[in-house]
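Colleague: I'm new to this one. Could you show me how to read it, feature by feature?

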There are 2 protein chains.
Amino acid sequence: MYTYGFGVDIGGTTIKIGLFNLQGHLLRKTEILTRIENEGDRILADVADTINTIIDEESINRDSIQGIGVGVPGPVDKDGNVIGCVNLGWKTRNVRRELSEKTGFNVCVENDANVAGLGEMWQGAARGHKNAVVITLGTGIGGAVIVNGAIAEGAHGASGECGHIHVSDDERESCGCGNRGCLEQYVSANGIVLLAKRKMQGDHKETALNAYSDLSSKHIYDEAKNGDGFANEIIEEAHRLLGKHIATICCVLDPEIIIIGGGLSRAGDILLVGIQYQFKKYAFKACIDTPIRLAKLGNDAGIYGGAKLLFDKV
Amino acid sequence: MYTYGFGVDIGGTTIKIGLFNLQGHLLRKTEILTRIENEGDRILADVADTINTIIDEESINRDSIQGIGVGVPGPVDKDGNVIGCVNLGWKTRNVRRELSEKTGFNVCVENDANVAGLGEMWQGAARGHKNAVVITLGTGIGGAVIVNGAIAEGAHGASGECGHIHVSDDERESCGCGNRGCLEQYVSANGIVLLAKRKMQGDHKETALNAYSDLSSKHIYDEAKNGDGFANEIIEEAHRLLGKHIATICCVLDPEIIIIGGGLSRAGDILLVGIQYQFKKYAFKACIDTPIRLAKLGNDAGIYGGAKLLFDKV
């Protein structure tokens, strides 16, 4: 019978490592820098060293540790191979085997957006639900689909790729994925800035946004809260696109709850209320009361989800 | 240990009843008329009578029969209550309990589109797959979502309601669901006729379709196959809408396979190839090779799925 497990969230800038008990309490959290030089060759060794240090410092019996659950920013196949993880400098790498060899523990590994979704379901905003869709509005848009309490990974690890839903036939610029007119070209942190910049260039709007040389999504939401009309037009367009496509997601999957996370979700109520209002305009009647909530765990969703991934794999 | 089970598909016009063995062979099929008079009061008694007759005629030991799996054209809750089934004249009715009392067998009941999807997964076009989306292009558009081998019913029984994905902001007429601009307003058997009629009224096209006073989707596909340019424009528009939104479904769920069934699917290759072509234009790269196939079981999908529903509930 185990008592503890580690949740690890490997990001392009930092790696977060959490020590959890089986009841879902985060007992200790450590953050280290991600060393992506030399094709990210040190990353897993750094994770292993940090975990060993935590075990020593906490004087935990290694036999009481169930293992390590890891989220990585790239696609993961069923054998634990991470295939092309540009943010980490990785080509193909078997995280499950390598980290297991370095630590002696069982290792589970999954895509980070899926893992963060699992975390929100376990101890966050979707707690108590077994069917949820988590949409992460960051630099791009990620997402996780939870069906019957488990991540629905999809046939090509592409489940929850809501950011690449085609929403405009008129787009001329390419999305990072190679297509044109993807949702994340308009509604991610980057997308909403682009949306604003295009409209500002077009007809030289009078708006407080003109004062920002390094315009960010936070500036746009802040000025919208300050009552700037143009900033409010921009966020309304973004919320309309999101609300409409959350309605689409509900027609396909009819989840119990929709969770909005990621950096953009820090805008708070103005974002949530805006999305909810637009959603109800487009929603199929049976789903019109489907709750849409903000994520709760913030940057810790990944380590919570990593631990849950591990605890579920008994 | 059971040997047999019944799959029952209750439709607004006829009821199909199939006797299956556990290996999935359809041993006998019976079809009776649906008596919807008096709020459909006779329907379940007719099903029970027919099943008893089959058991007698086939000289089957009742102990070797696992039970009855039923598909009904309406939403079903977790307790087996069918809530408002207009095509059958039913208000709320507990099919599981009523049919079980009338026959002495275990009864499972589910929405018919979901059950048909399960049938296609078990013995039809999605055989061997555990994650599939089945889109039924009939008078309207129905659908079923299969995740990890089981129907994903959704929080409000609305999973797979792909027909009510919002696809047009410009629609003035209401869909049956009360919204405006739903996919099924353009791509179902009724929708494609409406699409054609609108365009014909608009600018008096020269087309063989002018000759039909009772224009149907079959006429449109037949004339498209005969080379009628206008009919081909119409079906191309329908296939574009469908292909685009199948790409959306793949961004959300990334199923192993997409199955197209229902009356419209009898158009065959011209429909399938058209959808596949449009799908690839909009698909997220990881899903671009997701197979799209025609359903195989036709009108028998419901009885196969009913039996599978039963056999899975052991």
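This is a predicted model: local features need pLDDT of at least 70, side-chain atom pairs count only at pLDDT 80 or more; totals for chains, interfaces and linings use all residues.

Colleague: Okay, what does the secondary structure of chain A come to?

Modeller: Chain A has ten helices and twelve strands. With a radius of gyration of 20 Å, close to the 20 Å that the globule rule gives for 314 residues, chain A is as compact as a globular protein of that length. Its C-alpha trace spans about 65 × 45 × 35 Å along the principal axes.

Colleague: And how many of the 314 residues of chain A count as buried?

Modeller: That's 58% of them. The accessible surface of chain A is about 13300 Å², and carbon and sulfur atoms make up 45% of that. As for contacts with a separation of 6 or more, 60% join residues 24 or more positions apart.

Colleague: Now the pair. How do I think about two copies of a chain?

Modeller: In general, two copies of a chain are related by a rotation about an axis and a shift along it.

Colleague: What should I look for in a helix?

Modeller: The general idea is that an α-helix has 3.6 residues a turn, so residues three or four places apart point the same way. Take helix α9 of chain B, residues 269–282: its 14 residues reach 20 Å from first C-alpha to last, close to the 20 Å expected at 1.5 Å a residue.

Colleague: Which residues are buried in α9(B)?

Modeller: They are B:L271, B:L272, B:G274, B:I275, B:Q278, B:F279 and B:Y282. Seen down the axis of α9(B), the buried residues fall within an arc of 165°, so they line one face of the helix. They pack against several elements of chain B, including α7 (217–225), α8 (229–253) and β8 (132–137). On the face turned away from that buried side, α9(B) carries the exposed residues B:D269 and B:Y277.

Colleague: Last one: where is the place of B:R28?

Modeller: B:R28 sits in strand β3 (residues 26–33) of chain B. With a relative accessible area of 23%, B:R28 is partly exposed. Leaving aside neighbours within four places in sequence, B:R28 is in contact with B:I17, B:G18, B:L19, B:I54, B:E57 and B:E58.

Technical notes: Residues are numbered from 1 along each chain as its sequence is written. Chains are lettered from A and ligands numbered from 1 in the order in which they are written. Side-chain values use heavy atoms; hydrogens and water are left out. Helices (H or I, at least four residues) and strands (E, at least two) are DSSP runs, numbered from the N terminus. The expected span of a helix is 1.5 Å times one less than its number of residues. Buried means under 20% relative accessible area, exposed over 50%, partly exposed in between (1.4 Å probe, protein chains only). The arc is that of the directions from the helix axis to the C-beta atoms. Contact means heavy atoms within 4.5 Å. The radius of gyration is taken over C-alpha atoms; the globule rule is 2.2 Å times the number of residues to the power 0.38. Accessible areas come from the Shrake-Rupley method with a 1.4 Å probe; for residues, only the protein chains shown count as cover.
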